[in-house]
Amino acid sequence: MDQRRRVFLESCTAGAAGLSLAAGLPAWAANAKPKAYAPALLVDERGDALRASDLRVQANYVFHYPFEATPVFLLDLGKPVPPHSLSTQDHSGYSWPGGVGNKRSVVAFSAICAHQLVYPTRDVSFISFRKTRAQRGVQDALIHCCAEHSQYDPAKGAEVLSGPARQPLCAVLLSHDPRVDSLTAYATLGGELFDEFFRKYQAKLSLEVGAKARDAVSGQTVVRELEKFCRNSIQC
Ligand code: FES
């Protein structure tokens with residue numbers, strides 16, 4: 001077995017074990033309810049394990065997890081990101097663990113807007129991270145949805161700072177293996193909207209992604225820069 005494959009399997013085992021140890025959860029997870037999915041190693045377009053330190057700071061990256069058709073933003077915010085307490089629309093509290101990677105600066109959130117489920121497709125994206133504030137932005141470095149201007153702070157677990165969204169973007173939990181600087185997605189945390197997403201876009205997704213739209217991602221998932229994934233990223 002090659003080194004990367006062995007390391008990947010070990011880190012998956014560690015991630016799954018972390019979820020099942022109720023009494024041994026880390027302090028940040030005291031009231032969290034992470035939902036485990038099959039682990040997926042983040043890889044580049046050649047299929048090689050992505051190195052967290054190769055991510056461009058404050059650039060938009062997209063991968064799909066936990067389903068083939070559900071997009072996720074991957075961001076290196078360029079500074080350590082501490083844990084943050086949040087709550088969902090139904091007032092369930094949870095503690096987001098903050099950034100991972102050597103600088104604890106890498107975060108991931110579902111790219112499905114918590115307001116009306118706008119998401120990036122290959123043709124167009126109305127939602128993205130903005131290094132400098134959007135026209136109607138309240139500050140720099142937010143995830144901004146141009147549909148009705150919901151704004152989420154990725155440095156605070158994608159908390160809503162402005163607009164009609166009523167809960168943070170759902171977080172995607174990543175484990176980082178410092179030996180090879182790889183990242184593995186293994187769970188979500190917060191308000192999932194996947195059932196609503198598949199109900200709303202059933203016909204569209206079957207055209208865009210085909211019959212595998214709701215298949216679980218497992219093994220690995222490809223990370224692409226948003227500009228390469230999507231032909232038209234709307235700025236507003
Ligand atoms: S769908 Fe994003 S703000 Fe309405």
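Visitor: Which residues is Val72 in contact with, leaving aside its neighbours within four places in sequence?

Guide: Two residues are in contact if their C-beta atoms, placed from the backbone, lie within 7 Å. By that rule Val72 touches Val62, Phe63, His64, Tyr65, Ala108, Phe109, Ser110, Ala111 and Val172. This is a predicted model, in which local features need pLDDT of at least 70, side-chain atom pairs count only at pLDDT 80 or more, and totals for chains, interfaces and linings use all residues. Residues are numbered from 1 along each chain as its sequence is written.

Visitor: How many residues does the largest nonpolar core have?

Guide: A nonpolar core is a set of buried Ala, Val, Leu, Ile, Met, Phe, Trp, Tyr and Cys residues joined through C-beta atoms within 7 Å. Buried means that 20 or more other C-beta atoms lie within 10 Å of the residue's own. Here the largest core has 59 residues, and Val72, Phe73, Ala108, Phe109 and Val172 have the most contacts inside it. Strand β12 (residues 182-189) supplies the largest share of this core, five residues.

Visitor: In what order do the four strands of the open sheet lie?

Guide: Strands are DSSP runs of E, at least two residues, numbered from the N terminus. Two of them pair if DSSP finds at least two bridges between them. The order in this open sheet is β7-β8-β9-β10, with antiparallel pairing. β7 (127-130) and β10 (159-162) are the edge strands, each pairing on one side only. Direction ignored, neighbouring strands are turned by 35° against each other on average, the axes being lines fitted to C-alpha atoms.

Visitor: Which residue in the turn between β8 and β9 has a positive phi?

Guide: His149, at about 65°, in a hairpin with four residues between the strands. Three bridges join β8 (residues 142-145) to β9 (residues 150-153). Cys145 stands opposite Ser150, and His144 has Gln151 as its bridge partner.

Visitor: What is the bridge partner of Gln151 in β10?

Guide: Ser162. β9 and β10 are antiparallel over three bridges. Five residues separate them in their hairpin, where Gly157 takes a positive phi near 70°.

Visitor: Where does pLDDT stay under 50?

Guide: pLDDT is the predictor's confidence in each residue, from 0 to 100. The values under 50 run over residues 1-30, for which the model has 33 contacts beyond four places in sequence. The protein averages 89, and 86% of the residues score at least 70.

Definitions and conventions:
Axes fitted to C-alpha atoms, helices over the stretch in contact; angles between N-to-C directions. Buried ≥ 20, exposed ≤ 12 C-beta atoms within 10 Å, placed from the backbone.
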